[in-house]
Amino acid sequence: MAAENLSNCLDISCGIPTDVRFLFIKEKIGKELKAHKFPLAVASDVFQRAFYGSMKKEATEEEDVKIVDATMEVFKTMVEFIYNKELNWNAFDLHFLSSLYYLGDKYNIANLKASVLNSIADHQRVNMENVLVVATLAEENVNLYPLYEQLYQMSVACLDIHFQGSYKEVVKFFSDPKSFEADPRIVAMLMQKLLVFKSVVSCSNCCKFPCIDGEEPTVENFTPGARVRNTGGAAIVRLVNVKDNPATFVGSIHVQNGITVPCSFGVGYYFYNCK
């Protein structure tokens, strides 16, 4: 119960006086955040040394601490996390979460870092419109390895899904000067990690992680060239492509002579045959 009520201390009406004030140098004059040293010190050994270390002089009034490497909003979120306030993780974008992870690392708050990574995995989405932005954000956090790796893996997974597991198509995409201008270093790292991603986590047949052996082909999970088994209908052995009509696809009856037939999704005839 005491931990649940801790967040009430952030309310000025709680009656418990604050003893530290954080000043945000890079923001507008007047941006400040007041808090209590004790809960901060309990959560972070960095705060503990700063507020109660052996060389620290006893403070007789509210202490000012200048913050030069974080915005007030991100820093306030960290403080609210320490005070056990319920956070709306869905409201934070990847840049905000990356900044929050940085603070968790700086102040050695392990559960904050874990919560940020969990939030990224659970709520954040990478698509072809922001895949390079996310990869660039990863490079900006190269010294924070767990965050760096997770952002890159999300970018790589996006490319793998979009190009249906075809490494050649990804290379073609990045080789086209009409696509967009991208930092060659980031593209090179994406390609390198894509190779590792495919060799380590992707099934060689369905090109998915986790493997979708036994599942029916759909428009979303369709992998050209994948082996399938059938329980009825035409005895196709491999998937070929999705037709213009999204309800149908083309399958190959014989791999060598390339005879193909149209097939329908969702009829319970065809299933990925990965194992």
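Predicted model: local features only at pLDDT ≥ 70, side-chain atom pairs only at ≥ 80, totals over all residues.

User: Which residue forms a salt bridge with K106, and how far apart in sequence are the parts tied together?

Analyst: The partner of K106 is D69, with the closest N and O atoms 2.8 Å apart. K106 sits in helix α5 and D69 in the loop between β3 and α4, so the pair ties together parts whose separation in sequence is 37 residues.

User: What separates R49 and D45 along helix α3?

Analyst: These two form a salt bridge, and their closest N and O atoms are 3.6 Å apart. R49 and D45 are four residues apart in helix α3, so what separates them is about one helical turn.

User: Are helices α6 and α8 roughly parallel or roughly antiparallel?

Analyst: L117, I120 and A121 in α6 meet P146, L147, Q150 and M154 in α8. The two axes come within 11 Å and cross at roughly 5°. Angles under 35 degrees count as roughly parallel, so α6 and α8 are roughly parallel.

User: Is Y52 buried, partly exposed or exposed?

Analyst: Y52 belongs to helix α3, and together with F38 and V42 makes a nonpolar surface patch of about 350 Å². Its relative accessibility is 42%, so Y52 counts as partly exposed.

Terms used: Residues numbered from 1 in each chain as written. Heavy atoms only, no water. Patch = residues over 30% accessible without salt bridge, like charges linked within 9 Å, V, L, I, M, F, W, Y side chains within 5 Å. Areas by Shrake-Rupley, 256 points an atom, 1.4 Å probe, with all protein chains shown as cover. Salt bridge = Lys/Arg side-chain N within 4 Å of Asp/Glu carboxyl O. Helix = DSSP H or I, 4+ residues; strand = E, 2+ residues; numbered from the N terminus. Buried < 20%, exposed > 50% of the residue type's maximum accessible area, 1.4 Å probe, protein only. Axes fitted to C-alpha atoms, helices over the stretch in contact; angles between N-to-C directions. Parallel < 35°, antiparallel > 145°, perpendicular 65-115°, else oblique. Contact = heavy atoms within 4.5 Å.
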